[in-house]
Amino acid sequence: MIVAEGLTKRYGATTAVDGMSFRVEPGRVTGFLGPNGAGKSTTMRMVVGLDRPTAGRVTVGGHAYVDSPAPLREVGALLEARALHPGRSARDHLRALGATHGIGAGRVDEVLETVGLTGVARRRAGGFSLGMGQRLGIAAALLGDPRVLVLDEPVNGLDPEGVRWVRQTVRRLADGGRTVLVSSHLMAEMAMTADDLVVVGRGRVVATGTVAEVVASVSDASVLVRSPRAADVAAAVHRAGGRVEGGAAGAPLVVRGLDAARVGDLAAAEGLPLHELTPRQASLEDAFMTLTAGDVEYASAAAPATSGRTS
Ligand SMILES: Nc1ncnc2c1ncn2[C@@H]1O[C@H](COP(=O)(O)OP(=O)(O)OP(=O)(O)O)[C@@H](O)[C@H]1O
């Protein structure tokens with residue numbers, strides 16, 4: 001388990017991480033989700049002891065990672081900056097890493113196989129594509145067969161097959177009882193990969209919970225209703241505790257607080273004809289934007305109204 005309590009990191013005037021508290025449970029994939037500059041990488045670096053918190057603390061399995069006697073066996077990390085000797089082969093890179101922890105060549109070949117790099121194991125890692133580099137980084141993270149995995153943007157640069165492979169890999173690791181923290185700035189990707197979410201914006205935690213809980217907390221579900229007797233439908237919805245907008249001059253009603261089935265049943269019970277009854281759910285990306293609105297460090301200006309390609 002990873003536990004952060006009031007975790008804070010300042011670089012001069014910049015507060016990269018601002019009092020984050022969250023837990024990452026074993027046996028689950030936890031998505032660490034936030035826009036660029038939200039403090040995800042900085043937090044992950046503190047988890048693995050590469051950065052010291054300015055205040056607060058983060059523990060892995062009950063103690064600070066830097067106090068771990070065999071860190072590679074406890075926490076496997078893929079962090080954004082790739083630290084590898086470009087002239088070394090993938091196999092030699094992993095062997096050198098393993099040697100510091102008494103991890104032998106057999107295990108190196110095993111992880112190369114796991115990540116699908118066996119065929120290129122003797123090639124210079126410096127010539128690897130971004131996707132191959134990511135696979136090698138994941139191999140390094142898996143080397144010590146750690147109980148905790150911290151993966152910063154692991155799908156970055158991967159093709160669709162690679163993305164699916166990462167998804168299946170983290171699922172298998174979590175199903176094996178491991179603690180898995182995976183960062184991303186893509187809500188849709190996290191919704192497919194994660195069980196739990198820690199959503200961050202501008203260095204702060206803005207939401208935690210299962211993916212479904214986080215989405216439900218912000219997604220503004222509603223039901224679109226058209227009826228020639230809209231006013232009577234609206235009255236029935238009100239009596240049942242729902243809220244209604246619209247309906248003026250033949251416009252559809254937008255019902256909140258009741259689902260489509262309930263609205264349909266209410267109308268049927270009163271003999272009110274319905275011409276449309278459409279459940280509407282905000283998209284995951286909409287939910288994410290709602291959550292982190294105002295927390296985005298580098299917001300783009302609205303797209304220009306004129307059509308035409310800019311590139
Ligand atoms: N070494 C550093 N020195 C100064 N500022 C830093 C340093 N590292 C990070 N920051 C700043 O801290 C903030 C958080 O950065 P961080 O890289 O942790 O965010 P992130 O959520 O991982 O973003 P991204 O998705 O773009 O990688 C940013 O404003 C960044 O510019």
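**Figure 1. The shell around the ligand.** Welcome to this predicted model, where our tour starts at the ligand: β2 (14-24) and α1 (40-47) each supply at least two residues of the shell around it. The largest share, three residues, comes from α1. Which residues come nearest to the ligand? Of the 13 residues around it, they are Tyr11, Ala16, Asn36, Ser41 and Thr42. By type, the shell divides into three nonpolar, eight polar and two charged residues.

Figure 2. Now look for strand β7 (residues 179-184). Six of its six residues are buried, so the strand is largely enclosed by the rest of the structure. In a regular strand the side chains alternate between the two faces of the sheet. Here, both faces of β7 are covered: one side has Thr179, Leu181 and Ser183, the other has Val180, Val182 and Ser184, and all are buried.

**Figure 3. The partners of strand β7.** Strand β3 (residues 28-33) runs parallel to β7, and six bridges join the two. To find your place in this pair, look for Gly31, which stands opposite Val182 in β7. Strand β6 (residues 148-151) also pairs with β7 in the parallel sense, over four bridges. A handy landmark in this pair is Val150, which stands opposite Leu181 in β7.

Figure 4. In soluble globular proteins, nonpolar side chains tend to be buried together. The largest nonpolar core of this model has 68 residues, and Val47, Ala139 and Val150 have the most contacts inside it. Helix α5 (residues 130-142) gives the most to this core, with seven residues. Domain 1 (2-216) and domain 2 (222-292) each provide at least three residues of the core. Apart from this core lies another, of 14 residues, including Ala230, Val233, Leu258 and Ala267. For a closer look at one residue, pick Val47: leaving out residues up to four places away in sequence, Val47 touches Ile2, Val58, Val60, Tyr65 and Val150.

Figure 5. How many residues does each domain bring to the contact? Domain 1 brings 10 residues and domain 2 brings six. On the side of domain 1 that touches domain 2, α7 (187-193), β8 (196-201) and β9 (204-210) are the elements that give two or more residues. Of these, α7 gives the most, with three residues. This side of domain 1 has eight nonpolar residues, two polar and no charged.

Definitions and conventions:
Residues are numbered from 1 along each chain as its sequence is written. This is a predicted model: local features need pLDDT of at least 70, side-chain atom pairs count only at pLDDT 80 or more; totals for chains, interfaces and linings use all residues. Two residues are in contact if their C-beta atoms, placed from the backbone, lie within 7 Å. Ala, Val, Leu, Ile, Met, Phe, Trp, Tyr, Cys and Pro count as nonpolar, Asp, Glu, Lys and Arg as charged, and the others, Gly among them, as polar. A nonpolar core is a set of buried Ala, Val, Leu, Ile, Met, Phe, Trp, Tyr and Cys residues joined through C-beta atoms within 7 Å. A residue is buried if 20 or more other C-beta atoms lie within 10 Å of its own, exposed if 12 or fewer, and partly exposed in between; C-beta atoms are placed from the backbone. Domain bounds come from an automatic or database domain assignment. A residue is near a molecule or strand if its C-beta atom, placed from the backbone, lies within 6 Å of it. Two strands pair if DSSP finds at least two bridges between them.
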